[in-house]
Amino acid sequence: MKFALVGKCISHSLSPKIHMLLFQKHNIHAEYVLLQVENTAEVRGRLLQGEYQGCNVTIPYKSSFLDVCLSREAAQMEAVNVLKIQHGNLYGYNTDGFGFLYALKSAGISSNIQRASILGTGGAARAAGISLKNNGISVRYYSRSKYDNREVFPYDALYLDDAPLLVNATPLGMPPYAAQLPVSEAILSRRSYIMDMSYSLQQTALQKFCQEHGIICADGLRMLIAQAVKSQMIWLDRDYPVEEDIDYVWTSLRRAE
């Protein structure tokens, strides 16, 4: 069996390491490769021809497969990050919400919060917002460059926002911006919980700030691993021991640093 990550500029991705650790743990003979493409027509053809049994999809192609058979989550988020070929048809799924909520729970972030602030307005921010709203949490989005008074607000308004959870859904925290905080320390220090959707084997500047200031922080690496576990469950149509597998991959990646 063969699986792939489809996207652009993905040479830094940890997905091959994560998926191979899972395949090895479950004695599954499969490979996972990076598939950098300029358009998605090639991907569709290779899936339908049986070259790949499934794919993960990342930037900038998450909205390029909305014409396939969609799961409820993929339709709601208007984004596909998992593709599966079955009976000659393509099926699209979205595991962003699953991974996001798992990371929050794993960090011990309270499920009783009522409000959250989200930095960013892209696909990651939308996935986070929908996941939170589905759990009865009120959400407000913030952006540096594009906003209006009804839906998205400027960063300056964060000084008046006292929502206990702040979600970083911006590129800040990922290379080449790993050393940058997404907003000022004054804004960050007012939060009880922070979700940093950036993922890295090293601590991001935001995660280090949270550790130094006693702020409970969930990170994007656990989210990424949880998404990989869910992807394989979809592709192989089998149950995995989710928490056990996530801890196994987490520990293995840390040990290999």
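Of the 257 residues in the protein, 52% are buried, where buried means under 20% relative accessible area, exposed over 50%, and partly exposed in between (1.4 Å probe, protein chains only). This is a predicted model: local features need pLDDT of at least 70, side-chain atom pairs count only at pLDDT 80 or more, and totals for chains, interfaces and linings use all residues. Residues are numbered from 1 along each chain as its sequence is written, and side-chain values use heavy atoms, with hydrogens and water left out.

**The whole chain**

Show the cartoon first. The protein has 9 helices and 12 strands; helices (H or I, at least four residues) and strands (E, at least two) are DSSP runs, numbered from the N terminus. The radius of gyration is 18 Å, close to the 18 Å that the globule rule gives for 257 residues, so the protein is as compact as a globular protein of that length. That radius is taken over C-alpha atoms, and the globule rule is 2.2 Å times the number of residues to the power 0.38. Along its principal axes the C-alpha trace spans about 55 × 40 × 35 Å.

Contact here means heavy atoms within 4.5 Å. Among contacts between residues at least 6 apart in sequence, 63% join residues at least 24 apart.

**Helix α7**

Select residues 205-213, which form helix α7. Its buried residues are Ala205, Leu206, Gln207, Phe209 and Cys210. Following α7 is Gly214, whose phi is positive, near 70°.

Move to Thr95, in the loop between β6 (89-93) and α4 (96-107). Thr95 is buried, with a relative accessible area of 2%. Leaving aside neighbours within four places in sequence, the contacts of Thr95 are Asn81, Val82, Gln227, Lys230, Ser231 and Ile234.

Then pick Gln232, in helix α8 (residues 220-236). Gln232 has 0% relative accessibility and counts as buried. With neighbours within four places in sequence set aside, Gln232 is in contact with His19, Leu22, Phe23, Asp237 and Tyr240.

**Aromatic pairs**

The structure holds 4 aromatic pairs. Rings of Phe, Tyr and Trp (its six-membered ring) pair if their centres lie within 6.5 Å; planes under 30 degrees apart count as stacked, over 60 as edge-to-face and the rest as tilted.

Display Tyr32 and Trp235. Their ring centres are 6.4 Å apart and their planes stand at 40°, so the pair is tilted. Tyr32 lies in strand β2 (residues 31-36) and Trp235 in helix α8, so the pair ties together parts that are 203 residues apart in sequence. Both Tyr32 and Trp235 are buried.

Another pair to display is Tyr142 and Phe153, which is tilted, with 6.0 Å centre to centre and 45° between the planes. Tyr142 is in strand β8 (residues 138-143) and Phe153 in strand β9 (residues 152-154), 11 residues apart. Both Tyr142 and Phe153 are buried.

**Backbone stops in the loops**

Go to Pro60, in the loop between β3 (54-57) and β4 (69-70). The peptide bond from Ile59 to Pro60 is cis, with omega near 5°.

Select Glu78 in the loop between α3 (72-77) and β5 (82-86). Phi of Glu78 is positive, near 55°, in a residue other than glycine.

His87 lies in the loop between β5 and β6. His87 is not a glycine, yet has a positive phi of about 50°. At 73% relative accessibility, His87 counts as exposed.

**Last stop: Glu51**

Finish at Glu51, in the loop between α2 (41-48) and β3. Glu51 is partly exposed, with a relative accessible area of 33%. Apart from neighbours within four places in sequence, Glu51 is in contact with Lys2 and Arg46. For a distance to draw, Glu51 and Asn39 are 12 residues apart in sequence and 17 Å apart in space, C-alpha to C-alpha.
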